[in-house]
Amino acid sequence: VATRVAIELADARGFRYTDLDDDLLERGRRWLAEGVVPEGQQVRERRVYRWGDLAIKFFPLVSKPRLRDRFRPSAAVRSADTYRRIRPVPSPRPRLALEAGDGASLLVYDWVDGDSVDVLWGVDEAAIAALPAFLASMHERRVFHGDFHVHNFVWDGEAWVLLDLVGVRHALRSFARGRRLAIDHWAYLLWGLDHHAGADEAEVRPLFDEYTRLSPTLAPRDWRKVVRGWRGLLRRAGQL
Ligand SMILES: Nc1ncnc2c1ncn2[C@@H]1O[C@H](COP(=O)(O)OP(=O)(O)OP(=O)(O)O)[C@@H](O)[C@H]1O
Ligand SMILES: [Mg+2]
């Protein structure tokens with residue numbers, strides 16, 4: 001099975017990642033050209049839309065492109081490629097990535113029907129209990145999300161699904177760096193659970209301990225570094 005198939009249109013180019021009907025291709029072309037999905041529900045203005053069981057995300061052109069942005073694939077194509085690279089870590093399946101001549105791009109991918117962790121905190125025990133294994137499996141595969149905030153992963157009823165893949169870093173070889181990034185993930189999670197769901201440190205700690213049983217990346221004594229990271233985030237947000 002081909003992993004992706006190149007698409008050339010008059011005013012856009014890109015790839016499809018699944019079988020695609022002409023109707024969706026034509027809509028994608030129009031969405032990219034117009035910068036909006038009129039038939040969809042707006043999730044985030046001019047950024048993310050839902051249309052049926054599909055999500056549509058716009059990556060606007062970079063106004064002052066850095067040199068590397070001129071030579072690497074568009075953000076939509078990079079996101080779609082990352083889906084495959086991080087498997088079996090769950091993330092929404094890409095269907096179509098299109099880029100315009102100016103570098104703006106659009107990704108059509110599966111909509112995940114679910115909720116974020118701050119919504120499920122204290123509500124869905126199975127979802128919360130699955131958090132340590134979710135982080136452990138990412139870190140085992142050296143998948144580090146550069147922006148691991150609580151709205152960048154959702155529970156689909158069976159598993160945690162990672163969103164916003166453009167923020168996923170390439171696998172890093174340095175062990176020390178992996179530890180640092182894992183601590184950052186936990187600090188971000190603690191910050192988000194406190195900020196959005198009113199969770200406290202003592203409630204999150206058992207999840208971390210469970211994580212350290214599943215992953216060799218960190219040990220229980222690293223919790224104090226997580227708490228320090230969280231305080232740093234609070235300071236940055238002007239909350240401390
Ligand atoms: N495929 C999807 N399924 C379900 N919800 C989605 C999907 N894609 C995006 N969302 C929702 O839209 C929000 C924004 O999407 P995303 O994180 O990709 O955009 P973003 O603009 O890069 O966000 P941010 O920079 O704040 O992280 C997500 O937090 C999530 O609530
Ligand atoms: Mg996001």
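This is a predicted model: local features need pLDDT of at least 70, side-chain atom pairs count only at pLDDT 80 or more; totals for chains, interfaces and linings use all residues.
**Arg142**

Arg142 sits in the loop that runs between helix 6 (131-140) and strand 9 (153-155). I read its phi as about 60°, a positive value although Arg142 is not a glycine. Most residues other than glycine have a negative phi. Arg142 has a relative accessibility of 23%, so it counts as partly exposed.

**Arg46**

I then turned to Arg46. Its phi is near 55°, again a positive value in a residue other than glycine. Arg46 is placed in the loop between strand 3 (41-44) and strand 4 (48-51). Is Arg46 buried or exposed? Its relative accessible area is 52%, and the cut-off for exposed is over 50%, so Arg46 is exposed.

**Pro88**

I went looking at backbone geometry around Pro88. The peptide bond between Arg87 and Pro88 is cis, with omega of about 10°. Most peptide bonds are trans. Pro88 belongs to the loop between helix 3 (75-86) and strand 6 (94-100).

**Leu61**

I located Leu61 in the loop between strand 5 (54-59) and helix 2 (67-71). Leu61 is partly exposed, at 45% relative accessible area. Which residues does Leu61 touch, leaving out those up to four places away in sequence? I found Asp102, Gly103 and Ala104. Leu61 and Asp102 are 41 residues apart along the chain, yet 6.5 Å separates their C-alpha atoms.

**Helix 7 against helix 9**

I moved on to helix packing. Two packed helices are described by the angle between their axes and the distance between the axes. Helix 7 (residues 175-197) packs on helix 9 at an angle of about 60°, and the axes are 8 Å apart. That angle makes helix 7 oblique to helix 9. The crossing of helix 7 past helix 9 is right-handed. From helix 7, the contact takes in Arg179, Ile183, Trp186, Ala187, Tyr188, Leu190, Trp191 and Asp194. From helix 9, I noted Trp223, Lys225, Val226, Val227, Gly229, Trp230, Leu233 and Leu234. I sorted the residues of this contact by class: twelve are nonpolar, one is polar and three are charged.

**Helix 8 against helix 9**

I repeated the check for helix 8 (residues 201-214) and helix 9 (residues 223-236). Their packing angle is about 135°, with 11 Å between the axes. Helix 8 and helix 9 are therefore oblique to each other. Helix 8 crosses helix 9 in a right-handed sense. Helix 8 brings Glu201, Val204, Arg205 and Phe208 to the contact, and these meet Trp223, Val226, Val227, Trp230 and Arg231 of helix 9. By class, I have six nonpolar, no polar and three charged residues in the contact of helix 8 with helix 9.

**Asp222**

Last, I looked at the loop between helix 8 and helix 9, where Asp222 is found. Asp222 has a relative accessible area of 2%; the cut-off for buried is under 20%, so Asp222 is buried. What does the side chain of Asp222 reach at 2.7 Å? It reaches the backbone nitrogen of Ala219. I also found a polar contact of 3.3 Å between the side chains of Asp222 and Arg179. Leaving out residues up to four places away in sequence, Asp222 touches Arg179 and Phe208. I had both names in my notes already.

Terms used:
Residues are numbered from 1 along each chain as its sequence is written. Chains are lettered from A and ligands numbered from 1 in the order in which they are written. Side-chain values use heavy atoms; hydrogens and water are left out. Helices (H or I, at least four residues) and strands (E, at least two) are DSSP runs, numbered from the N terminus. Buried means under 20% relative accessible area, exposed over 50%, partly exposed in between (1.4 Å probe, protein chains only). Axes are lines fitted to C-alpha atoms, for helices over the stretch in contact, and angles run from 0 to 180 degrees between N-to-C directions. Angles under 35 degrees count as roughly parallel, over 145 as roughly antiparallel, 65 to 115 as roughly perpendicular and the rest as oblique. A crossing is left-handed if the near helix is turned anticlockwise from the far one by less than a right angle, and right-handed if clockwise. Contact means heavy atoms within 4.5 Å. Ala, Val, Leu, Ile, Met, Phe, Trp, Tyr, Cys and Pro count as nonpolar, Asp, Glu, Lys and Arg as charged, and the others, Gly among them, as polar. A polar contact is a pair of N or O atoms within 3.5 Å; within protein, one must be able to donate a hydrogen and the other to accept it, and residues adjacent in sequence count only if both atoms are side-chain atoms.
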